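Dear colleague,

I am passing on the structure we spoke about, together with some notes on what was found in it. Please read the notes beside the coordinates, which follow here.

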Amino acid sequence: DHHGHDHDSDHHGHDHDHGDHHHHDVETVGLAVLTVSSSRTLAEDPSGDAIESLVGDSEAADLVARELVGDSRDAIGEVVDDFVGQEAVDAVITTGGTGITPDDVTIETVGERFEKELPGFGELFRRRSEAEIGTMVVGTRATAGVVDGTVVFALPGSENAARLGTRELILPEVAHLAGLAAR
């Protein structure tokens, strides 16, 4: 735990502790993972597996649910709503369906649910991806936002993208973001 000390000892019921912006962190974040793919199954889902193993190795989060659906707005929306509605779920990661083919509808589906958008997530994801895929980043619409008090991150479907986004962007920030979003 890189925050080091117990934050509850010195707060006297105040909502804001300006001295420490990690004050509202969720202790261990319950993460739900949704793979969006019309060609894969949970038995054959390298991107979902990559996210699950990174979460498993992390002290910041526990995997509490994992599903796979095809490229359908109804199917994606149903699972996202179900995940968000679960008490144990503090944050959701989707992987897949973020490109620009007519089948790619993950961004539309989660985006219409966002109360707040987190544009920095997609910006930083694309910046970090540029070294690997160059100008092809213009074709990725990775995004994040808050849905009913739960942070939802939408990553591309490639295993590398799932790994990069989870390891470098989501796991370092998810406790802080989930704690703020749920207040």
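The protein chain holds five helices and six strands, where helices (H or I, at least four residues) and strands (E, at least two) are DSSP runs, numbered from the N terminus. Along the sequence, these elements follow the pattern β-α-β-α-β-α-β-α-β-β-α. The model is a predicted one, in which local features need pLDDT of at least 70 and side-chain atom pairs count only at pLDDT 80 or more, while totals for chains, interfaces and linings use all residues. Residues are numbered from 1 along each chain as its sequence is written, and side-chain values use heavy atoms, with hydrogens and water left out.

Of the 183 residues in the protein chain, 46% count as buried; buried means under 20% relative accessible area, exposed over 50%, and partly exposed in between, with a 1.4 Å probe and protein chains only. Taking contact as heavy atoms within 4.5 Å, 75% of the contacts between residues at least 6 apart in sequence join residues at least 24 apart.

The sheet comes next. Its six strands form an open sheet in the order E2-E1-E3-E6-E5-E4, with mixed pairing, where two strands pair if DSSP finds at least two bridges between them. The edge strands, each of which pairs on one side only, are E2 (61-69) and E4 (116-117). E4 runs antiparallel to E5 (residues 143-147) and is joined to it by two bridges, and Glu117 has Gly145 in E5 as its bridge partner. Helix H4 packs on the sheet, where it touches E4, E5 and E6 (150-155), and its direction makes about 30° with that of E6. Helix H5 also packs on the sheet, touching E1 (29-36), E2, E3, E5 and E6, and its direction makes about 165° with that of E6; for these angles, axes are lines fitted to C-alpha atoms, for helices over the stretch in contact, and the values run from 0 to 180 degrees between N-to-C directions.

Strand E5 deserves a separate paragraph. Five of its five residues are buried, and both faces are covered, with Thr143, Gly145 and Val147 on one side and Ala144 and Val146 on the other. E5 pairs with E6 in the antiparallel sense over five bridges, and Gly145 stands opposite Val152 in E6. The two strands form a hairpin with two residues between them. Asp148, in the loop between E5 and E6, has a phi near 50°, a positive value in a residue other than glycine. Asp148 counts as exposed because its relative accessibility is 57%.

Elsewhere in the sheet, Thr94 belongs to strand E3 (residues 91-95) and is buried, with a relative accessible area of 0%. Leaving aside neighbours within four places in sequence, Thr94 is in contact with Leu34, Val80, Thr106, Phe153, Ala154 and Leu155.

The last topic is a pocket. On a 1 Å grid over the protein atoms alone, a pocket is an open set of points where a 1.4 Å probe fits, with protein on both sides within 12 Å along at least five of seven lines, and lining residues have an atom within 4 Å of a point. The second largest pocket has a volume of about 190 Å³, a volume being the space filled by probe spheres set on the points, which are joined across faces, edges and corners. Of the 14 residues that line this pocket, the closest to its centre are Ser129, Ile133, Pro156, Ser158 and Ala161. Helices H4 (119-133) and H5 (159-181) each supply at least two residues of the lining, and H4 gives the most, with four. By class the lining has six nonpolar, seven polar and one charged residues; Ala, Val, Leu, Ile, Met, Phe, Trp, Tyr, Cys and Pro count as nonpolar, Asp, Glu, Lys and Arg as charged, and the others, Gly among them, as polar.

Ser129 lies in helix H4 and is buried, with a relative accessible area of 5%. Not counting residues up to four places away in sequence, Ser129 touches Gly134, Val137 and Leu164. The C-alpha atoms of Ser129 and Asn160, which are 31 residues apart along the chain, are separated by 9.2 Å.

With best regards
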